[in-house]
Each structure stands twice: as C-alpha cells, then as structure tokens.
Amino acid sequence: MSVAVLAVLLAWVGLLLFRGGFWKADQRLNGAPDREHWPDVVAVIPARDEAPTIGATVASLLGQDYPGRLHVVVIDDNSTDGTAAAAGISDRLTTIAGQPLPAGWTGKLWAVHQGIMEAVRQMPDARYLLLTDADILHEPGNLRRLVDKAEWDSLDLVSLMVHLRCESFWERLLIPAFVFFFQKLYPFPWVNDPDRRTAGAAGGCMLVRRETLEQAGGIAAIRDRVIDDCALAALLKKEGPIWLGLARDGTRSLRAYESLGDVWRMVARTAFVQLDRSVFKLVGTVAGMAFLYLLPPLGALAGHPSALLAWLLMAYAYGPTLVIYRRPAWESLLLPVAAFLYTLMTLDSARRHWLGKGGAWKGRTYR
C-alpha cells in the first residue's frame with residue numbers, strides 16, 4: 001500500500017508538471033480589435049428535435065456584433081417537434097429539410113454536410129464556416145473573437161468548449177469534472193501547439209476555414225465518426241494549425257442534465273468509442289481511473305500521508321476548472337466521486353456497444 005500511494009503521488013506530480021499545464025484552464029480568447037476587412041461567415045446548425053432551444057441559438061447568431069456578412073443555415077434533420085418553425089424567419093436565415101440518411105454516415109455529419117452545401121450556395125465567397133449546435137447561446141462578441149483569432153494566427157480551426165449548464169445537483173457534481181477530464185485527455189496547450197500531433201475540438205462551437213476543409217476532403221472524410229468534433233480536429237491539423245480554448249460563460253449550452261441518467265446517457269453514448277472499442281483500453285482506463293482518483297482518498301482514510309498529499313494535489317489541479325464554473329473550492333475534494341461515476345458510465349458504454357446499442361442518439365444507433 002505504501003508503494004502504491006507513493007506511486008500515485010508521483011503520478012499527480014507528473015500530471016501537474018508534464019501534461020501541458022492542462023489543469024490551468026487558461027486557454028481563452030481575448031477581445032477582438034477593429035479590422036479593415038471582416039470575411040464572410042456562414043453558420044451551419046444541424047438540428048434534430050431541437051424546438052425548445054433552436055430559436056434562442058439562431059437569435060444569438062443573428063444578434064452578433066460581427067462587422068462582416070453572416071448567414072445562418074439550419075438543417076432540420078427529420079424532426080418531429082416543429083424544429084424548422086421554431087428556428088424563426090429572417091433574410092439572413094435559410095432552413096432546409098434534411099434528406100434521408102445514407103449508409104455509412106452518422107446523422108449529425110450528414111446534416112452538417114448538407115448544411116455546408118447550402119452554405120456554399122448562399123454565400124459562395126464565405127471564408128469561414130461556423131459549425132455549432134442547436135442548443136448553444138452565443139454571446140454577441142463571440143464570432144468577432146473567433147474570426148479575429150483565426151485571421152491573426154492563420155488558423156484552420158478555432159474551437160471553444162462552451163460553458164456547460166451547471167445548475168442541478170448532478171450538473172454541479174459532474175459537469176466541471178467532465179470539462180476537467182476533457183482537458184486532461186486533450187491538453188489544450190498541446191492541441192494549440194502546431195508541432196504536436198494532439199488534436200481536439202468541441203463540437204458546440206467550431207470556426208473552420210472552408211478552403212482547408214475542402215482540401216482535406218470535406219465532411220465526407222469523417223462521415224462515419226461518432227466523436228465528430230475531435231475527428232474533424234485531427235483531419236484539419238494535418239493541414240495546418242488549430243486552436244482550442246474555453247469560452248466565457250456568455251457563450252453557453254442550453255442543454256440541461258437534470259438527472260444522473262441524463263449525464264449517464266450523454267457519456268455512455270461515446271465513451272467506449274473514445275477507447276476505439278478496445279477491451280484492453282477499457283481495462284487500462286478503469287485501472288487508471290481507480291489508481292489516480294480512488295486510491296488517494298482511500299489511502300488517506302487509511303492514514304497514509306502520501307495519499308492525502310496526492311488527494312490535495314488532485315484538488316489543486318481541479319481548482320481552476322471549478323473557478324470557471326463558480327463552484328466553491330471544497331468541491332474539489334469530490335472529484336473522486338465524479339471519477340467513480342464516470343468509470344461506471346464507461347463500463348456501461350462498453351456493455352451497450354456489445355449489446356448493439358452503442359452510439360444511440362435521438363433514435364439512431366451506430367454499431
């Protein structure tokens with residue numbers, strides 16, 4: 001036990017020092033200065049049964065203080081709840097009905113592909129595509145900052161992990177932890193380093209240089225991917241530099257996770273896919289989560305000082321993410337509880353895939 005707790009202490013020291021400073025949560029966009037020219041942008045929103053939120057999302061985009069031209073394309077992906085009507089009406093908005101899903105495509109990427117085709121028709125000279133979800137509320141200056149970052153640093157992808165809803169009990173326990181784990185899996189400074197292969201993105205808000213996407217083969221190049229955002233990031237980083245950061249809380253998701261089951265389904269849909277559906281990676285992940293997150297509190301309760309120090313280092317690393325979500329510092333000690341639940345969700349994700357129910361989302365299942 002003494003050897004194990006010393007090892008986990010060294011592991012947390014290593015994560016703090018040698019994992020790209022992921023835990024600092026400091027990759028943020030600055031304010032955008034005035035420019036002489038702002039390129040055309042088309043926002044593409046795939047929407048399937050999103051009537052409760054699509055209207056607010058579209059309105060937030062049409063209300064951007066962006067000095068250039070902006071058009072919005074909504075793809076109603078065979079919704080049954082009146083999503084198209086809820087999107088609203090504007091001369092800067094085009095809503096199209098999605099075509100039947102062809103073999104070999106995931107539903108979202110097929111909708112995005114159709115939306116990009118319509119975007120090219122609506123604004124053939126658009127330099128950028130803003131790929132966003134139907135439940136994202138964009139603060140007025142968001143697009144201006146995204147475009148300024150892309151133009152200033154000549155980036156092919158600028159992506160923001162938007163501020164996720166954190167109001168219910170389960171959201172407060174699990175959502176900041178989800179953001180922390182995502183940063184650890186894809187250290188943002190490494191993603192933003194063109195000399196490293198690490199590539200990641202957050203699908204809720206991705207500004208893509210259209211010419212680069214076309215050169216990389218378009219959305220069709222990743223048409224079968226369930227974790228589409230990170231697949232797109234990997235595709236585009238082969239072409240040029242990309243950037244991933246955390247959004248201010250003004251740009252946020254409207255999707256609620258009121259119950260444990262809501263979060264569970266969200267994670268179980270893709271967790272095993274993230275592990276390449278590998279039993280060996282699954283076993284390694286479960287063992288790694290138990291070692292990093294469960295051993296420190298168990299060892300501390302057993303009276304091992306090194307385990308207590310490892311737990312405190314874990315809490316210290318989690319602190320900056322909690323600050324972003326305006327949660328009290330003492331909640332950092334609950335990260336092992338969240339880690340335990342996410343480990344169970346990962347195991348359940350594997351079970352669902354083995355039962356042929358993997359990747360289930362809005363009535364579609366991807367084996």
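User: By class, how many nonpolar, polar and charged residues does the lining of the largest cavity have?

Analyst: This is a predicted model, in which local features need pLDDT of at least 70 and side-chain atom pairs count only at pLDDT 80 or more, while totals for chains, interfaces and linings use all residues. Residues are numbered from 1 along each chain as its sequence is written, and side-chain values use heavy atoms, with hydrogens and water left out. Ala, Val, Leu, Ile, Met, Phe, Trp, Tyr, Cys and Pro count as nonpolar, Asp, Glu, Lys and Arg as charged, and the others, Gly among them, as polar. On that basis the lining of the largest cavity has seven nonpolar, two polar and three charged residues.

User: Which element gives the most residues to the lining of the largest cavity?

Analyst: A cavity is a set of points on a 1 Å grid over the protein atoms alone where a 1.4 Å probe fits but cannot get out, and its lining residues have an atom within 4 Å of a point; four cavities reach 30 Å³ or more. The lining of the largest cavity includes Lys108, Leu109, Val112, Leu131, Thr132, Asp228 and Leu232. Two or more residues come from each of helix H4 (107-122), strand S4 (128-132) and helix H9 (228-237), where helices (H or I, at least four residues) and strands (E, at least two) are DSSP runs numbered from the N terminus. With three residues, the most is given by H4.

User: What is the volume of the second largest pocket?

Analyst: A pocket is an open set of points with protein on both sides within 12 Å along at least five of seven lines, and a volume is the space filled by probe spheres set on grid points that are joined across faces, edges and corners. H9 supplies the largest share of the lining of the second largest pocket, four residues, and by class this lining has eight nonpolar, two polar and seven charged residues. The space in the second largest pocket comes to about 500 Å³.

User: How far apart are the end C-alpha atoms of helix H5?

Analyst: The expected span is 1.5 Å times one less than the number of residues, so the twelve residues of H5 (residues 142-153) should span 16 Å. The computed distance agrees with this, the end C-alpha atoms being apart by 17 Å.

User: What is the relative accessible area of arginine 326?

Analyst: Arginine 326 sits in the loop between helix H13 (305-324) and helix H14 (335-354), and it too is not a glycine but has a positive phi of about 55°. Arginine 326 is exposed (over 50%), with a relative accessible area of 65%.

Definitions and conventions
Buried < 20%, exposed > 50% of the residue type's maximum accessible area, 1.4 Å probe, protein only.
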